[in-house]
Amino acid sequence: MLRKAWDLYYDGFRNMPRWGRTLWLFIIIKLCIMFIVFKLWLMPNYLNSHYDSAEEKSNHVFEELTTKP
């Protein structure tokens, strides 16, 4: 079943016109850049920057999970 699915997509991309492959390459590059930007600027590592030990980090996570409504 997985082999049939792989063959379906492989044949589809292989038989795609050049502009279609270029478009897919552009989409993949754009998504990679977006995820890198999201990771670096929008999701900072809060626990490593505010707590030193693993125990402090786990206590903070525990408190956040149990006291927030």
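pLDDT is the predictor's confidence in each residue, from 0 to 100. Helices (H or I, at least four residues) and strands (E, at least two) are DSSP runs, numbered from the N terminus. The views below come from a predicted model, in which local features need pLDDT of at least 70 and side-chain atom pairs count only at pLDDT 80 or more, while totals for chains, interfaces and linings use all residues. Residues are numbered from 1 along each chain as its sequence is written, and side-chain values use heavy atoms, with hydrogens and water left out.

**View 1. Confidence along the protein chain.** The mean pLDDT of the protein chain is 90, and 100% of its residues reach 70 or more.

**View 2. The stacked aromatic pair Trp6 and Tyr10.** Three aromatic pairs are found in a search of the whole structure. In the pair of Trp6 and Tyr10, the centres are 6.0 Å apart and the planes 20° apart, which is stacked. Rings of Phe, Tyr and Trp (its six-membered ring) pair if their centres lie within 6.5 Å; planes under 30 degrees apart count as stacked, over 60 as edge-to-face and the rest as tilted. Trp6 and Tyr10 are separated by about one helical turn because they are four residues apart in helix H1 (residues 2-14). Trp6 is exposed at 53% relative accessibility, and Tyr10 is partly exposed at 43% (buried means under 20% relative accessible area, exposed over 50%, partly exposed in between; 1.4 Å probe, protein chains only).

**View 3. The edge-to-face pair Phe13 and Trp24.** Here the ring centres of Phe13 and Trp24 are 5.9 Å apart, with 85° between the planes. Phe13 lies in helix H1 and Trp24 in helix H2 (residues 18-42), so the pair ties together parts 11 residues apart in sequence.

**View 4. The salt bridge of Asp7 and Arg3.** The structure holds two salt bridges, each a side-chain nitrogen of Lys or Arg within 4 Å of a carboxyl oxygen of Asp or Glu. Between Asp7 and Arg3, the closest N and O atoms are 3.7 Å apart. The two residues lie four apart in helix H1, about one turn of the helix. Asp7 is partly exposed at 29% relative accessibility, whereas Arg3 is exposed at 59%.

**View 5. The salt bridge of Arg14 and Asp11.** The N to O distance between these side chains is 2.7 Å. Arg14 and Asp11 are three residues apart in helix H1, so about one helical turn separates them. Arg14 is partly exposed, at 48% relative accessible area, as is Asp11, at 31%.
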